[in-house]
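Please read the following report alongside the sequence and the 3D view. It is written for someone meeting this structure for the first time.

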Amino acid sequence: MLLQEEIFSSEEFNKKYYYDGNDLGSIYTKEKTKFRVWAPTATEVSLNLYKEGSGNNLIEIVSMEQDVKGTWVAEVNKDLNGVYYTYLVTVEGKSNEAADIYGRTSGVNGKRTMVIDLLSTNPDSWQNDVKPPFVKMTDAVLYELHVRDMSMDKSSDIINKGKFLGIIEEGTTNSYGQKTGIDHIKELGITHLHLLPSFDFKTIDESKLEENKFNWGYDPQNYNIPEGSYSTDPTNGAVRVKEFKKMVQGLHKNGIRVVMDVVYNHTFTALDSDFNKTVPNYYYRTKNGIFTDASACGNETASERLMVRKMITDSLVYWATEYKVDGFRFDLMGIHDIETMNGIRKALDKVDPSIILYGEGWTGGDSPLPEHLRAVKSNTYLMPGIAAFSDDMRDAVKGHVFYEDEKGFVSGEKDLVESIKFGVVGAIAHDQIDYSKVKYSDRPWAKEPSQAVNYVSAHDNLTLWDKLNISTPESSYEDRVKMTKLSAAIVLTSQGIPFMQAGEEMLRSKPVDESRTKFDENSYVSPDSINSIKWDEKYSNISIFNYYKGLIAFRKAHPALRMESATDVQERIRFLNNVPAKTVAFTIDAKMKDETADSIIVIYNPNTVAKEFTLPSGRWTAYINEDFAGVTPLATVTNGKVYVAPISAMVLVKEQQVKMQMNKKAKLTALGVGAIASGILLGLLIKKRRR
Ligand code: CA
C-alpha cells in the first residue's frame, strides 16, 4: 500500500486532482461573489460568512458543492465586499475552520479572510503608476530594509512609525537637518528597495500594536495578504491592501523599485496551519508521515507537488500584478525545486520580464528533496534569470558569518585573493581564477554574472561594522572605516548584482548595551532600540555615506561594471599579474555601448601599507581612492605608477578618444601632466583639490 505522501506525489493523484484554473479563492463582483477552494480529501466543505475579522458575528453558513478536480464551489448573490469568511473543511470525520489560502486580505491576525473589491483599494492615479526605468538585472543596486527599521527611531522624523506609509514619507530629516527615510535612500541612489517579509506573518499580535513588538517576519501565515501590523488599521482588511499599494506607488514615484522577501519554504506552524486544515499533509514534505525540516523552523513546503507549485506561482504573479511589485527574494530558496523556480521565472516573464528574482541558495537543514533537484547555489546555472546570494564573496570580504573572530580580505586575512576574483567576475567561469582556492565553491556556479548577488552584510548575522569591530580588536577606528569603504568598493565594482543592508552606509551597529562591546547577531525578535536605524548617526558618518553614494554613482555611470553576458566578462576582465601580495587588480576593456571609458582599472589593497602599481600605458583618471568615490575626476596619471593607500580601493579610467578631447578642452589635464610617480603625492593632490 502506498503511503499518503507517495499518493500525493503520484502521477495518478495529479491527473485526478490537479486544478489549473485561475479562479481559486473569492472572485468578487458587485452582484455576486464566487468561491472555489481546492480540498480533494474533504468529504464536506462549507463557507462561513462573518461580519468582522474576529469575534462572534457569524452572518450565515453556506454549504459548498463538490466540483471538478477536488475543488468545492459556492456562489453568493449579494455584494460581499468587506465580508469576512472561512471554510469549514471536513476530512476523515474531523472538521477544521480555515482561512482561504487564496484569500486577498483578512481581519486582525489573519484568522478570517475577507472578500474585497480590489478596484476600490487602488490609490488615486494607480493606473498611471509608472515603474522606474530598469533594463537588466545587473543594473540593480539592492538595499535591504525592514519596514519598522526605517521609521521607529525618533531621529527618523517619520510620523507613520513602523508602517508601510512611513516608507514613503518625504521631506524628513534627522537632528542635523540631513535627509532620512525615502529621501535618504533616493539620495544614496539605489535602484531597488528590498523589504523584509511584508506579507502576513504570525507572531506579531495585530490586536496589541501598542506593545511595539518586533519580528523580522520569517513566520508566514497568509501569503497573499500584506502584514496587518504594518497597516494603520489591521482590523479593516481593506486598509492594509490600500496602504501597501500606496507604498509601492510612492516608491515608484521616487524612482525606486520594490522587492519583496518571500518565504514560501515553510509556515510558522504546520499542524494547525490553514494549509493543513484544508488538505492535511499535502503542502508539506514528510518522511514516513512526519514533517521534515529543511527550514529549521519545524516544517518545509513541498514545491514539487503541483498544487503547491501552483500556489507559490499564483501568489507571486498576484503580487506582481495587483501590487506592481518589481522583484522577489526567496528565503531558503534551496528548499524549492529547480523546476518550480524556472516555472516562476516563466510566469513572471509574462507579467514583466524586468522583475528580478534572487534567493538564498541553501537550506536550513536536510530535505527529502534530492540535492540535484534543489534550487541551491551550486545549481544556479540551471536557473536562467534567477540569482543566488554569493556567500563566497560575503565571507571572503569580511570573514565567516558564524565564526565572529575570523577575518576577511579587507581585515588582513591571507589567501583570499582567488575568492575575491571569483566575486569580481560574478561567480562565472574565468580562465584566470584558480577555483580550488575559492572559499566555498570549487567551480563557477553562475552561468551569467546576473546570477550572482554580491554583498557583505544582510539582516542575518552581525552588521558589517559590528563584524569588523569584533574581528579586528587590534585595529583602530580609522582602519575599520577604511575596511568598510574597501568592502563597499569591492561589492560595487564587481560584476553581478550588488546588495547592501540598510544603514551599512552609516556604519549601522546593533549593540546590545551601552558598552557597545557586544552586538546582536540574530536580532529577529530584538526590540526596535536595537534594530531601528539611528538616523543621527548619518552626521558623524557622512563621509562613509558619501563614499557609498559615490560608488553607486560611478557604477551607474559605467556599463562596463554591469556586464550582462559571461562571455563579455571573460573577454574584457583581465586580472593583473605581478601585483603586491594580498592585492587584487584588474582591467576592464570598456569599449561598449553607452560607455565613456576606453578601459577601467580597479585595484583593491587590503594591506596596512600603501602599495605601488604600474599602470598600463595611457592617461588614467582616478575617480575612486581611499577618501572619495564618484563621477568627478580626482587626478590624472600618464604612463606612470600609482600608490594605492593602505586598506583602500583605487579605480582609474582611461577615457575614450572623444571624451579625452572634451576633457582637454575643459582643461582637466592640469593635474596629470607627466608621470606622477608618487601615489602619496597623488593622494595629497586629490585632497587639496577637494577641500
Ligand atoms: Ca500578521
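The coordinates come from a predicted model, and residues are numbered from 1 along each chain as its sequence is written.

**The calcium site**

The calcium ion is held in the model by protein donors from Asp 200 (OD), Phe 201 (O), Glu 206 (OE) and Glu 227 (OE), which lie 2.2 to 2.4 Å from the ion. Along the sequence, these donor residues follow the spacing D-F-x4-E-x20-E. Asp 200 is buried, with a relative accessible area of 0%, and Glu 206 is buried as well, with a relative accessible area of 3%.

**The four-stranded sheet**

Four strands, in the order β1-β2-β6-β5, make up an open sheet whose pairing is antiparallel. Its edge strands are β1 (25-28) and β5 (65-66), each of which pairs on one side only. The pairing of β5 with β6 (residues 71-76) is antiparallel and extends over two bridges, and here Glu 65 stands opposite Val 73 in β6.

**The six-stranded sheet**

A further open sheet has six strands in the order β23-β24-β25-β30-β27-β28, again with antiparallel pairing. The edges of this sheet are β23 (573-575) and β28 (635-638), and each of them pairs on one side only. On average, and with direction ignored, neighbouring strands of this sheet are turned by 25 degrees against each other. Between β23 and β24 (residues 584-589), which run antiparallel, there are three bridges, and Ile 573 stands opposite Ile 588 in β24.

| Helix | Strands it lies across | Angle |
|---|---|---|
| α10 (residues 417-424) | β23, β24 and β25 (597-605) | about 25 degrees to β24 |
| α15 | β27 (619-624) and β30 (648-655) | about 135 degrees to β27 |

**A mostly covered helix**

Helix α11 (residues 464-471) is mostly covered, with seven of its eight residues buried. The buried residues are Leu 464, Trp 465, Asp 466, Lys 467, Leu 468, Ile 470 and Ser 471. What covers these buried residues of α11 includes α9 (391-398), α12 (477-493) and α15 (542-557).

Conventions: This is a predicted model: local features need pLDDT of at least 70, side-chain atom pairs count only at pLDDT 80 or more; totals for chains, interfaces and linings use all residues. Side-chain values use heavy atoms; hydrogens and water are left out. Donors are N, O and S atoms within 2.8 Å of the metal (3.2 Å for Na, K and Ca); water is not among the atoms, so sites may look incomplete. Buried means under 20% relative accessible area, exposed over 50%, partly exposed in between (1.4 Å probe, protein chains only). Two strands pair if DSSP finds at least two bridges between them. Contact means heavy atoms within 4.5 Å. Axes are lines fitted to C-alpha atoms, for helices over the stretch in contact, and angles run from 0 to 180 degrees between N-to-C directions.
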